[in-house]
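Please look over the sequence and the model that follow. The paragraphs after them go through the structure step by step.

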Amino acid sequence: MATIKKSQVREAINEYQAKAIEEVTKKHFEKKEAFRTQILKQEPELNNLYEAFKRVKQVVSGKSIMADSLFYGCFYELKSAPACNTFEEFENYIKICVAWWSFPGFSELKHAYESEKSEIYNEYDKVRELMKSIPQTQKCIAELEKLGFDLSNLKPEVTKAVAIIEVDKTKLGLVKKEG
């Protein structure tokens, strides 16, 4: 007889947890991006920095002896930086380069994200403990559905039938040959 197995229920709960973490992570990255954009928009010297970046990048990427020595000196990273032909490209590049962890608000965002993830993991641990405390799968499903989980899409697993094949017992050495 085909029945829904507890492993199927666990897998469904794992999928719910993964979706919750994915949603929190997506929101965190959106908040982080908004924070970075806000900080860059508040920087009064960003346009001047962009112009200086273009000039220094042009010199460092040149073919002169001075360009090579600058490349191996203080502008090592700059030579491999993208060209940044537009201010928007420069802004995107700068977002990668800034030591964001040095901004107080940024570390607060990270802490809030980690705390929220931890809370989700803790709540799903409670759900798993509830599952362990209920031995019958159907009762477990009913309790989880009371909590708000939609487990209606779980279908009973079909048990695999044992194939019957003919075996030559004499070749297996199970029957003694007479004679």
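A salt bridge is counted here when a side-chain nitrogen of Lys or Arg is within 4 Å of a carboxyl oxygen of Asp or Glu. Lys110 and Glu114 form such a pair, with their closest N and O atoms 3.4 Å apart. The model in which this pair is found is a predicted one. Both residues belong to helix α6, which covers residues 104-133, and they sit four residues apart, about one turn of the helix. Lys110 has a relative accessibility of 41% and so counts as partly exposed. Glu114, with a relative accessible area of 34%, is partly exposed. The pair is also part of a network of salt bridges that links Lys110, Glu114 and Lys117.

The chain as a whole can now be described. The secondary structure of the protein chain consists of eight helices and zero strands, and reading along the sequence gives the pattern α-α-α-α-α-α-α-α. The protein chain has 179 residues, of which 26% count as buried.

By the rule given above, the count of salt bridges comes to 10. One of them joins Glu33 and Lys95, and the closest N and O atoms of this pair are 2.6 Å apart. How do the two partners stand in terms of burial: buried, partly exposed or exposed? Glu33 counts as partly exposed because its relative accessibility is 35%. Lys95 is buried, because buried means under 20% relative accessible area and the value for Lys95 is 12%.

Another salt bridge is formed by the side chains of Lys54 and Glu51, at 3.6 Å from N to O. Lys54 has 32% relative accessibility and counts as partly exposed. Glu51 counts as partly exposed as well, at 34% relative accessibility.

Helix α2 also holds Tyr50. Is Tyr50 buried or exposed? With 5% relative accessibility, Tyr50 counts as buried. The C-alpha atom of Tyr50 is separated by 7.0 Å from that of Phe87, although the two residues are 37 residues apart along the chain.

The surface is the next topic. Which residues make a nonpolar surface patch of about 440 Å²? This patch is made by Ile165, Val167, Leu172 and Leu174. Of these residues, Leu172 is placed in helix α8, which covers residues 169-172. Exposed means over 50% relative accessible area, and Leu172 counts as exposed because its relative accessibility is 53%.

The largest pocket has a volume of about 170 Å³. Its lining includes Gln8, Glu11, Ala12, Glu15, Tyr16 and Lys19, and also Asp150, Leu151, Asn153 and Leu154. Sorted by class, the residues that line the largest pocket are four nonpolar, two polar and four charged.

Terms used. Residues numbered from 1 in each chain as written. Predicted model: local features only at pLDDT ≥ 70, side-chain atom pairs only at ≥ 80, totals over all residues. Heavy atoms only, no water. Patch = residues over 30% accessible without salt bridge, like charges linked within 9 Å, V, L, I, M, F, W, Y side chains within 5 Å. Areas by Shrake-Rupley, 256 points an atom, 1.4 Å probe, with all protein chains shown as cover. Helix = DSSP H or I, 4+ residues; strand = E, 2+ residues; numbered from the N terminus. Buried < 20%, exposed > 50% of the residue type's maximum accessible area, 1.4 Å probe, protein only. 1 Å grid on protein atoms, 1.4 Å probe; cavity = no way out; pocket = protein on both sides within 12 Å on 5 of 7 lines; lining within 4 Å. Points joined across faces, edges and corners; volume = space filled by probe spheres on them. Nonpolar A, V, L, I, M, F, W, Y, C, P; charged D, E, K, R; others polar.
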